[in-house]
Amino acid sequence: MLKINLQKSMAEMLVLAILNKGDMYGYQLIQELELQSKGLFSIKEGTLYPLLYRLIDKEMIDCRKELVGKRRTRVYYNITETGKEYLQEVLAGYQNMIQGINNILVNNGQEIKLLPDDAE
């Protein structure tokens, strides 16, 4: 199965979409992205953390630290109102892009056929 390398803007959208369902720490985000995409998407820590820092700088997400055990601290990320608004704008843009691509493919006899959820 081909794994897709996520472009920056798509990775931002997907991370925000996952955080829109609830707070998560970094490694949990990596696992959730792969799980929810049914293994089609993956992101490495070296890509995720700079992305998270950019989203914090843009005030699209916040973070909080929680003590786990006696010495370990885990950083949880959560989406802000600004991030939720941006997510809606980006989702609308991607929906338009997908519709435009599909329109062109249909006109050329190559409509996109989505696989059933249980297909691999």
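Analyst: A salt bridge here is a side-chain nitrogen of Lys or Arg within 4 Å of a carboxyl oxygen of Asp or Glu. Please keep in mind that this is a predicted model.

User: How many salt bridges does the structure hold?

Analyst: The structure holds four salt bridges. One of them joins the side chains of arginine 64 and aspartate 23, with an N to O distance of 2.6 Å. This pair links distant parts of the chain, 41 residues apart: arginine 64 is in strand β4, and aspartate 23 is in the loop between α1 (8–19) and β2 (24–25).

User: Which salt bridge does arginine 64 make with a glutamate?

Analyst: The side chain of arginine 64 meets that of glutamate 66 in a salt bridge of 2.9 Å, N to O. Glutamate 66 has a relative accessible area of 31% and is therefore partly exposed.

User: And what about the pair in helix α4?

Analyst: That pair is glutamate 81 and lysine 84, which both lie in helix α4, three residues apart, about one turn of the helix. Their side chains meet in a salt bridge at 3.8 Å, N to O. Glutamate 81 counts as exposed, at 53% relative accessibility, whereas lysine 84 is partly exposed, with a relative accessible area of 32%. As for shared partners, salt bridges join Asp23, Arg64 and Glu66 into one network.

User: Why can such side chains pair at all?

Analyst: Side chains of opposite charge can pair when their charged atoms come close.

User: Let us change topic. What is the overall pattern of the protein chain?

Analyst: Along the sequence, the protein chain follows β-α-β-α-β-α-β-β-α, with four helices and five strands. The protein chain has 120 residues, of which 30% count as buried.

User: How do α2 and α3 cross?

Analyst: The axes of α2 and α3 come within 10 Å and cross at roughly 115°. That angle makes α2 roughly perpendicular to α3. The crossing of α2 and α3 is right-handed.

User: And at what angle do α1 and α4 pack?

Analyst: α1 and α4 pack at an angle of about 125°, and their axes are 10 Å apart. Angles of 65 to 115 degrees count as roughly perpendicular and those over 145 as roughly antiparallel, so α1 and α4 are oblique to each other.

User: What is the handedness of the α1 and α4 crossing?

Analyst: The crossing of α1 and α4 is left-handed.

User: Now the backbone. Which residues other than glycine have a positive phi?

Analyst: I can point to lysine 38 and glutamate 59. Lysine 38 has a positive phi of about 55° although it is not a glycine, and phi of glutamate 59 is near 60°.

User: Where is lysine 38 found, and where is glutamate 59?

Analyst: Lysine 38 is found in the loop between α2 (26–36) and β3 (41–42). Glutamate 59 is found in the loop between α3 (45–57) and β4 (61–68).

User: Buried or exposed, for lysine 38 and glutamate 59?

Analyst: Exposed means over 50% relative accessible area. Lysine 38 is exposed, because its relative accessible area is 52%. Glutamate 59 counts as exposed as well, at 55% relative accessibility.

User: What can you say about serine 42 and isoleucine 30?

Analyst: Serine 42 and isoleucine 30 are twelve residues apart along the chain, and their C-alpha atoms are separated by 6.9 Å. Serine 42 is found in strand β3. With a relative accessible area of 28%, serine 42 is partly exposed.

User: One last topic, the surface. Which residues make the nonpolar surface patch of about 270 Å²?

Analyst: That nonpolar patch is made by Met97, Ile98 and Ile101.

User: Where is isoleucine 101 placed, and how accessible is isoleucine 101?

Analyst: Isoleucine 101 is in helix α4 (residues 81–107). Isoleucine 101 has a relative accessible area of 40%, so this residue is partly exposed.

Note on methods
Residues are numbered from 1 along each chain as its sequence is written. This is a predicted model: local features need pLDDT of at least 70, side-chain atom pairs count only at pLDDT 80 or more; totals for chains, interfaces and linings use all residues. Side-chain values use heavy atoms; hydrogens and water are left out. Patches are made of residues with over 30% relative accessible area and no salt bridge: like charges are joined within 9 Å, nonpolar side chains (Val, Leu, Ile, Met, Phe, Trp, Tyr) within 5 Å. Accessible areas come from the Shrake-Rupley method with a 1.4 Å probe; for residues, only the protein chains shown count as cover. Helices (H or I, at least four residues) and strands (E, at least two) are DSSP runs, numbered from the N terminus. Buried means under 20% relative accessible area, exposed over 50%, partly exposed in between (1.4 Å probe, protein chains only). Axes are lines fitted to C-alpha atoms, for helices over the stretch in contact, and angles run from 0 to 180 degrees between N-to-C directions. Angles under 35 degrees count as roughly parallel, over 145 as roughly antiparallel, 65 to 115 as roughly perpendicular and the rest as oblique. A crossing is left-handed if the near helix is turned anticlockwise from the far one by less than a right angle, and right-handed if clockwise.
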